[in-house]
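Please open the model in your viewer and keep the sequence panel beside it. The tour below goes from one selection to the next and says what is found at each stop.

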Amino acid sequence: IQLIQSRMPSTSFEKSSSSSPRLALDWILGDAYSLALNDDYDRMVQRFALTVLYYSTNGPTSWDSGSCDAWLLNSTECEWGEPRDVECSNGIVDWVELWGDSLSGTIPGEIGLLNSLTHLDIVRNYLQGTIPTEIGLLSLLTYLRLSNNNLEGTIPTEIGMLSSLTRLDLDSNANLTGRLPTELANLSNLVDLSLFNTQLTGSIPSNLCSTW
């Protein structure tokens, strides 16, 4: 608990709670492979983050069977899911792609614990809720696709912290609202931006237009 909260203080582990972090912690504590990681803190944290993602997006009840049955295994998290669902470099997760796997629920803030991610694709699912502000912690991210879901609310200003992004797809989330954050101007490497079929307003920063 201290390890996780040292990296993300907002994570709560109420014992009486059925929250995704609590469910993930309980699973970790019952998983021999996880406990054998001992002092490999980065591995333990990313294993926890992927487990939270599974519970927060209703893995046990919602995911397609192919991905669901291959998640939360007593083996390296780099091999969870179907081919290319999760990929690692030197044992560290840098790729998550759950394209059209019937995810529902919400994107957890603990996604920000996967701070070596370069590729995050959760397109064509049934995700609700807002885009978590912790997305801004994924400073190495170059590819972010959250299209064709049921996300709502505004684009968090923290998205402007993803200065390595080359592609950002948020289209076909009909309840995304508000003005485009001015922080989009910080995405100087962006070459592909998709925002259609939303209720977003405002203008795309002119410096981005000049790079396309």
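Helices (H or I, at least four residues) and strands (E, at least two) are DSSP runs, and they are numbered from the N terminus. This is a predicted model, in which local features need pLDDT of at least 70 and side-chain atom pairs count only at pLDDT 80 or more, while totals for chains, interfaces and linings use all residues. Residues are numbered from 1 along each chain as its sequence is written, and side-chain values use heavy atoms, with hydrogens and water left out.

**Stop one: helix 2 and helix 4**

Select residues 20–29, which form helix 2, together with residues 41–56, which form helix 4; the axes of the two come within 8 Å and cross at roughly 125°. Axes here are lines fitted to C-alpha atoms, for helices over the stretch in contact, and angles run from 0 to 180 degrees between N-to-C directions. Helix 2 and helix 4 are therefore oblique to each other, given that angles under 35 degrees count as roughly parallel, over 145 as roughly antiparallel, 65 to 115 as roughly perpendicular and the rest as oblique. Helix 2 passes helix 4 in a right-handed crossing; a crossing is right-handed if the near helix is turned clockwise from the far one by less than a right angle, and left-handed if anticlockwise.

To see the contact itself (heavy atoms within 4.5 Å), show the side chains of Ser20, Pro21, Leu23, Ala24, Leu25, Trp27 and Ile28 on helix 2, and those of Met44, Arg47, Phe48, Thr51, Val52, Tyr55 and Ser56 on helix 4. These residues divide into 10 nonpolar, three polar and one charged, where Ala, Val, Leu, Ile, Met, Phe, Trp, Tyr, Cys and Pro count as nonpolar, Asp, Glu, Lys and Arg as charged, and the others, Gly among them, as polar.

Is helix 2 as a whole enclosed or open? Seven of its 10 residues are buried, so helix 2 is largely enclosed by the rest of the structure; buried means under 20% relative accessible area, exposed over 50%, and partly exposed in between (1.4 Å probe, protein chains only).

**Stop two: two loop residues with positive phi**

Next, select Asn38, in the loop between helix 3 (32–35) and helix 4. Phi of Asn38 is near 50°, a positive value in a residue other than glycine, and at 56% relative accessibility Asn38 counts as exposed. Then move to Leu72, in the loop between helix 6 (65–68) and strand 1, which has a positive phi of about 55° although it is not a glycine.

Now show the open sheet of six strands, whose order is 1-2-3-4-6-8 and whose pairing is mixed; two strands pair if DSSP finds at least two bridges between them. Strand 1 and strand 8 (192–194) stand at the edges with a single partner strand each, so one side of each is left without a neighbour in the sheet. On average, neighbouring strands of this sheet are turned by 15° against each other, direction ignored.

Zoom in on strand 1 (residues 86–89) and strand 2 (residues 92–97), which run antiparallel and are joined by four bridges. The two form a hairpin with two residues between them, and Asn90 in the turn has a positive phi of about 55°; Ser89 stands opposite Ile92 in strand 2. On the way to strand 3 (residues 119–121), three bridges join it to strand 2 in a parallel run, with Val96 opposite Leu120. Further along, strand 4 (residues 143–145) and strand 6 pair in the parallel sense over three bridges, and the partner of Leu144 in strand 6 is Leu168. Bring helix 4 back into view here: it packs on the sheet, touching strand 1 and strand 2, and its direction makes about 15° with that of strand 2.

Two bridges join strand 5 to strand 7, and Gly153 stands opposite Leu176 in strand 7.

Finish at Asn173, in the loop between strand 6 (167–169) and strand 7 (175–179). Asn173 is buried, with a relative accessible area of 0%. Leaving aside its neighbours within four places in sequence, Asn173 is in contact with Leu146, Ser147, Asn148, Asn149, Asn150, Leu151, Asn197 and Thr198.
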